[in-house]
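Dear colleague,

Please find below the structure I promised to hand over, together with its sequence. I would be glad if you could read my notes beside it.

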Amino acid sequence: MAAPKALLRAGHPTWWGGGTLRTLSSQSNFGQGLNPSYDLDPNPGRNPQQGLMGSMASRFYDLEQFREWISRFWSWNLYRKNKVFSYTLKHYGPSVAAAHFVLTHGGAVRFQDQEWLFPQDKNQFLWNNHHFQKLPLEEVDASGCVINYYGLENLVFLPSLRSLRLCGCPYVDDWCLGRLHSLGSSLQELSLAGCPKVTERGLACLHHLRSLRRLDISNLPAVSDKGLTQILVEEMLPNCEVVGIDYADRLKLLSEDQRRVEEKAAAAVPGAPGGLMPT
Amino acid sequence: MLRLALQLRVSRGLLSRGLRTRSRGPIDDKDGKWTEFKRKLQVFWPGGSWEAFSGTIHLPPEHADVVIVGGGVIGWSVAYWLKRLEARNNTIRVLVVERDPTYSRASTVLSIGGIRQQFSVPQSVQLSLFSIEFLRNINEYLAVAGEPPLDIQFCPSGYLMLASEENASEMERNVKMQRQTGAKVCLLSPEQLKNKFPWINTEDVALASYGLENEGWFDPWCLLQGLRRKALSMGVCHSHGEVIELVSSVRPMVTSRGEQVNIKRINEVHVKMNSSLEYQPVGCAVVINAAGAWSGKLAELAGIGIGPPGTLQGTRLPVEPRKRYVYVWHCPQGPGLEAPLVTDISGVYFRREGLGGYYLGGCSPTEEDEPETEDLEVDHDFFQEKLWPHLAHRVPAFNSLKVQSAWAGYYDYNTFDQNGIVGPHPLVPNMYFATGFSGHGLQHAPGVGRAVAEILLNGEFSTIDLNVFSFSRFYQVEKVQENIII
């Protein structure tokens, strides 16, 4: 029993589970042997490919190709959904086009002095669009929609957009925030809560939004230093109420012992106020 | 006695442990022979690291269709676009030769990674717009199945350029051209500038141009590694060595005007391996000169610039290394999160780095005090004498700052007109240039790579017409002057 198992195990690690599984095509190098490792992965020991498809694709060219086609299809689908509604734009103007776009994506819009329009009102809205052509679009709630940089093109040319909510949009990133400068004179309320791709680099270019009164940046997982970012954003937008992040985030409470040591050190310096060291 | 001993052995060996195996395996491995045997077996097992002909694995292939000299961001970009635009998969064998695998002196990774559209030549603006589109969709262009996505860390903070009285009209002309080409740039008067950025001293500023979108800075290393990873996965060969010789054949020919010229063709590239004397001749059809700051030397190897002055043969490639310093300083009271990359009237630039009140910046020295380019030593007096007075004048908060660190890098400086050279040489028709970008090569790399691949594969530029950047402008003395050099 024992010997065959040991023999099987002898050749096992190199060709079955040894190291990171590479994709097939990344190994092909015209008989030059393996490419030297080029790891961008911080922990190369972990296998990045999950599931049956992943492990099969690392062994068979056609499955790898199939996987690439699938990912290409998804990105194509995203761009298809985020096209500019040029027909509506040309015939009915920017606000109707923007409202049509947002309603198609499952968001909600509100025109001036009107009720909110929800996705189920889309057909009614399109039927009565001559009503809305003259009215400026004031509020857009695109929370959770699959809007990316190209889809935002529908929204950034609205002259009187007051409030824009992009909570939890998976494809809203820093590039999108850089695109918002054309709404600078009108936008008063912006919510980016829970966008997984927004970082502090994108928040830095919100200073174009001069009339912003309320900004929601809560729950942004990609922001590295949340408390500091909040302070800097508040400094950058003095007239704006920034909600979301706790200042004390990432700051650790001192333990009882550490606090006692600090106090003792502070007391040792004559004339120093308790707890604060002069620099 | 014998029976007793046998009994003892048997009982110790088999009976006492029943059917359990030993912890050390079936063979007692006191001298390590079994471990060694297992290791050898692993190597020879199918899929192991042993190969029948492994003696030359570190050498480049003997033949390659295209040899790209220089594995910086331009070189890898050309390799990527060649593989992407080839008509059928795996028809062109591309070899990238890089001298320094650690990239310790490479301009790519020592740059500050800025991208802007504020140039004075429309082709440069187009290249930047192409590159920004590339960077925006980098994970679609450079996706490798089963590898983590790239995080380019783009900071869309924009460039702010300041102009004095005498440069204001020129800036206005440039911005008009940039807007026509498609860039989102706006002009600011000193009052508007003061309103927008209260920390700037607007004294002696007549006009400012500010990029609203698609301008900022990113991580050069990420772009380089992404291009490299993708190109390698598409089957590009690469080797770490230095090109020491170009073997070429010469054919004397007569032009229509009756002048005699020597048409040269490079047949072989000798690649000398790092830290050894051996070299490999690589037969090739096309050589791409993407050696950056050292591309002038490579062109000389091909005999470019060796001939009577005033002729096409005697026109040398005017690209030489220039050393530029970048300083990092700490200033807690400095400009806040909204700070763009500011370029002063004096040529001094700075930008924010991270959130902790750090800034980095530099300045191009004048032609007289160009530093020596042998090593990458940093001259700290340069900051005190040339940089700090201008910085403190422009941003009063910088009066109190502390320099934290500094580094130096090379520009592939084109002394003729500070613009890149793209396309083949007229007398060495199989040497293509992609060099001489004088500090903006990183941001133009995706576009330049595509342009070189197009002219190589199709004989003409189809995306962006870069004919103005051809080599023959040095002979005809037609400058495509770039005025905005940072």
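The notes that follow take up the sheet, one glutamate within it, and then the cysteines.

Please keep in mind throughout that this is a predicted model. Chain A holds an open sheet of 7 strands with mixed pairing, in which the strands follow the order 2-1-3-4-5-6-7. The edges are formed by strand 2 (116-117) and strand 7 (241-243) of chain A, and because each has a single partner strand, one side of each is left without a neighbour in the sheet. Helix 6 (residues 94-104) of chain A packs on this sheet, where it touches strand 1 (108-111), strand 2 and strand 3 of chain A, and its direction makes about 155 degrees with that of strand 1 of chain A.

Strand 3 of chain A is paired in the parallel sense with strand 4 (residues 163-165) of chain A, over 3 bridges, and E139(A) stands opposite S163(A) of strand 4 of chain A. E138(A), which lies in strand 3 (residues 137-141) of chain A, is buried, its relative accessible area being 12%. Leaving aside residues up to four places away in sequence, E138(A) touches R110(A), F111(A), Q112(A), S160(A), L161(A), R162(A) and S163(A).

As for the cysteines, the count over all chains comes to 0 disulfides. For C167(A), the nearest cysteine sulfur is that of C195(A), 7.0 Å away, and C167(A) itself is partly exposed, with a relative accessible area of 23%. C195(A), by contrast, is buried at 0% relative accessibility, and its sulfur lies 5.2 Å from the closest cysteine sulfur, in C169(A), which is too far for a bond.

Technical notes
Residues are numbered from 1 along each chain as its sequence is written. Chains are lettered from A and ligands numbered from 1 in the order in which they are written. This is a predicted model: local features need pLDDT of at least 70, side-chain atom pairs count only at pLDDT 80 or more; totals for chains, interfaces and linings use all residues. Side-chain values use heavy atoms; hydrogens and water are left out. A disulfide is a pair of cysteine sulfur atoms within 2.5 Å. Buried means under 20% relative accessible area, exposed over 50%, partly exposed in between (1.4 Å probe, protein chains only). Helices (H or I, at least four residues) and strands (E, at least two) are DSSP runs, numbered from the N terminus. Contact means heavy atoms within 4.5 Å. Two strands pair if DSSP finds at least two bridges between them. Axes are lines fitted to C-alpha atoms, for helices over the stretch in contact, and angles run from 0 to 180 degrees between N-to-C directions.
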